[in-house]
Amino acid sequence: MNQSPRIAGPAPRLRVQAMKEYHPPLGSRDKLRLDFNENTLACSPKVREALAEVSAGSLTRYPEREPVEAIVAAHLGLKPEQVALTNGVDEAIHVLFETFLEADDELLLPVPTYTMYEVYASATDARAVAVEAADDLQFPFERLLAAINPRTKVIAIANPNSPSGSAATREQLLEFAARAPHAVLLVDEAYFHFHGETVMDLVGKLPNLVVARTFSKAYGLAGLRLGLLAGPVELMRWVRRVLSPYSVNSLALVCLKAALEDTAYLDWYVGEVLAARSEFEAAVDRLKIRRWPSRANFILVEIGARHEEFVRLMRAAGVLVRDRSSDPGCDGRVRITIGTREQMKHAAVALNEALTALGSGGETQ
Ligand SMILES: Cc1ncc(COP(=O)(O)O)c(C=O)c1O
């Protein structure tokens, strides 16, 4: 890597100069948002009530995360020292990588997967080793296991994974933890609520397991930026050295407590999405387009060569979907977030019409 001669003024680190720019397609999203796997409706009304009670005076103080970390830890059946709240899981990933990855280390990950693992790894001096899934996009267990070596320092597994929706089993994750005792095994459970399976109960029991959770998906708090890392006290101690004590703001802390308490709302939303997913999958099957089985609040579908036009047609019909064509092995594939049953009925109509317009089938109603 040579320093670019075109840089005027102080040059950033060479690693940073070599980083790819990442611009998520935000902007003009005032439509049916099936593009970022967010909650498509709203957060719990209890969160709105908690926000309304925030006083102007309370905003003058720096946020105190520790009492809320204790509440979250109790909710997860963990000790407070095992849990760190973060500014979304993105900050959790960033901080974890900054804490553990150095020159000559390797980050091992299956691909396609969540983009930010490679983005944050590229800001470190470590190397990302990506193991590509086969065409079925199932978790590439054997090949990933075979890629473990003494340089492997972090293994990042989104479970369920995005954009595939596939999941690794508990036994597979345990095997990774055992076969790479010198590495941190990050299990990112961003979509846990839709999957229902977790390894959170193993936190503190395995010396190298760290679990991430987000409040951006089922809880509907993506705008507040709230996530967490849970791991053994010995590892979390290092993570806390890197983590800003104030990166989770006080509004987020207030809302987090209210969101956790309203389990009825969370259960209702998750139930709604799971019912909508079955109905939407049936609609996709009637259109005879390929889809991948999903354990999360989205499905990946095969659109083919005219994927860009498809995304444009869907947008024109008021439905935002996410083209994943630039992900490894995903050319022509589009990810569609699952919302409520009513929203997905509208999405199914738009899907049918877009495919008809493209001349790739579609049903006659
Ligand atoms: C697997 C995975 N992890 C983490 C995130 C980001 O979570 P947060 O909004 O908490 O930063 C996403 C968002 O799409 C995701 O798909």
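Reply: Two residues are in contact if their C-beta atoms, placed from the backbone, lie within 7 Å. This is a predicted model, in which local features need pLDDT of at least 70 and side-chain atom pairs count only at pLDDT 80 or more, while totals for chains, interfaces and linings use all residues. Residues are numbered from 1 along each chain as its sequence is written.

Helices here are DSSP runs of H or I with at least four residues, strands are E runs of at least two, and both are numbered from the N terminus. Helix 4 has 13 residues, and its first and last C-alpha atoms are 19 Å apart, close to the expected 18 Å. That expected span is 1.5 Å times one less than the number of residues.

Helix 4 is mostly covered, with 10 of its 13 residues buried. Buried means that 20 or more other C-beta atoms lie within 10 Å of the residue's own, exposed means 12 or fewer, and partly exposed is in between; the C-beta atoms are placed from the backbone. The buried residues of helix 4 are G88, V89, E91, A92, I93, H94, V95, L96, F97 and F100.

Next comes the ligand. A residue is near it if its C-beta atom, placed from the backbone, lies within 6 Å. The ligand is surrounded by 13 residues, the closest being G88, V89, D90, T214 and S216. The shell holds five nonpolar, six polar and two charged residues. In this count Ala, Val, Leu, Ile, Met, Phe, Trp, Tyr, Cys and Pro are nonpolar, Asp, Glu, Lys and Arg are charged, and the others, Gly among them, are polar.

A nonpolar core is a set of buried Ala, Val, Leu, Ile, Met, Phe, Trp, Tyr and Cys residues joined through C-beta atoms within 7 Å. In the largest such core, of 103 residues, L96 and V154 are among those that touch the most other members. Domain 1 (14-40 + 264-358) and domain 2 (45-262) both contribute to this core, so it lies between them. Those bounds come from an automatic or database domain assignment. The C-alpha centres of the two domains are 24 Å apart. Their contact takes 29 residues from domain 1 and 29 residues from domain 2.
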